[in-house]
Amino acid sequence: MSDSVPPRDDGGLPGAPSNQDQAPGEALTPAALQRLLSSAVFGHRIFYYPSIGSTNDRALELAASEEPEGGLVLAEEQTKGRGRRERTWCSAPYAGIYASLILRPAIPATRAPLLTFMAAVAVADTLNEQFRLRARIKWPNDVLIERRKIAGVLGEVRGSAPEIREMVVGVGINVNQSAADFPAELEGKATSVRLETGAPADRAAILAGVLEGFERRYARFLRDGPATLLREWESLSTLTPGAQLSVQGPTGRVEGEFTGIDLEGALVVRAPAGSIHRIPFGELLDSRLT
Ligand code: BTN
């Protein structure tokens with residue numbers, strides 16, 4: 001598909017590897033998604049690929065060539081799916097949701113993490129609503145069932161600070177994977193909707209729910225600010241105020257008591273000696289889940 005051609009439904013990419021010999025589950029086509037979607041803008045223009053390196057990479061290219069806000073890159077498989085901190089995202093064909101949304105929010109780049117929180121909240125909320133799962137969010141935006149990861153979010157910003165020029169929010173959700181679809185090192189650490197409920201799930205319905213929930217929160221955030229989003233994030237978080245934690249931040253490891261999340265999504269920790277640390281990004285190493 002060339003950039004100048006309108007988004008289309010058939011995913012007939014010249015040169016794209018085909019998965020037809022892999023007995024795929026039902027395809028998550030643009031038509032299947034749009035039949036269920038009631039968002040105003042998000043997901044109305046879809047770039048669909050049977051196989052692609054990374055939907056985030058493609059969405060960043062599209063964003064750089066003026067694709068408007070709400071454009072969605074959707075793939076049945078990723079051969080170079082990327083996770084946070086240079087990790088790979090395991091993207092079994094026709095099993096998960098691999099989707100990247102283009103945003104153009106007129107907000108300072110320091111607030112970009114809040115948009116990844118927003119995606120995690122939309123995913124957790126959709127899984128809880130549609131399947132009665134008890135999905136929670138591990139800072140910053142891993143979606144877990146108990147301690148097993150079911151979804152992740154990768155937000156990437158382009159444009160020089162202080163304003164965001166364009167942003168891509170990529171979401172990976174494990175939906176119909178069986179245990180054998182995950183590499184051995186993820187045993188006990190990764191799960192899917194199907195593994196949790198015992199039944200295959202409709203990827204289009206999940207993605208429609210996520211896009212609608214994301215769009216609703218995005219409009220409210222731009223209009224009213226982050227307060228409601230932060231309350232929702234906190235209600236889904238694995239952390240509660242007072243929890244002891246250990247976090248790897250940009251300047252090293254910090255241990256102490258979780259006191260909250262600030263207005264830019266940074267973790268605020270009180271060290272045993274009483275000093276307050278603000279950790280804008282990083283990795284939670286250990287925490288007592290309540
Ligand atoms: C993480 O938890 O480390 C983030 C995982 C994000 C994976 C998604 S799948 C769709 C999009 N394309 C990518 O290459 N990564 C994100």
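Which strand holds Ser246? Ser246 sits in strand 8, the run covering residues 244–249. As this is a predicted model, everything described here is computed from its atoms.

Ser246 has a relative accessible area of 7%, so it counts as buried, the cut-off being under 20%. Its side chain also has a partner: a polar contact of 3.4 Å links the side chain of Ser246 to the side chain of Glu255.

Next come some backbone features in loops. What kind of peptide bond joins Trp139 and Pro140? The bond is cis, with omega at about 0°. Pro140 itself belongs to the loop that runs between strand 4 (135–138) and strand 5 (142–145).

Tyr94 is not a glycine, yet its phi is positive, at about 60°. Glu146, also a residue other than glycine, has a positive phi near 50°. The table sets out where each is found.

| Residue | Phi | Loop location | Relative accessible area |
|---|---|---|---|
| Tyr94 | about 60° | between strand 2 (72–75) and strand 3 (97–103) | 8% |

Notes. Residues numbered from 1 in each chain as written. Predicted model: local features only at pLDDT ≥ 70, side-chain atom pairs only at ≥ 80, totals over all residues. Heavy atoms only, no water. Helix = DSSP H or I, 4+ residues; strand = E, 2+ residues; numbered from the N terminus. Buried < 20%, exposed > 50% of the residue type's maximum accessible area, 1.4 Å probe, protein only. Polar contact = N/O pair within 3.5 Å; in protein donor to acceptor, adjacent residues only side chain to side chain.
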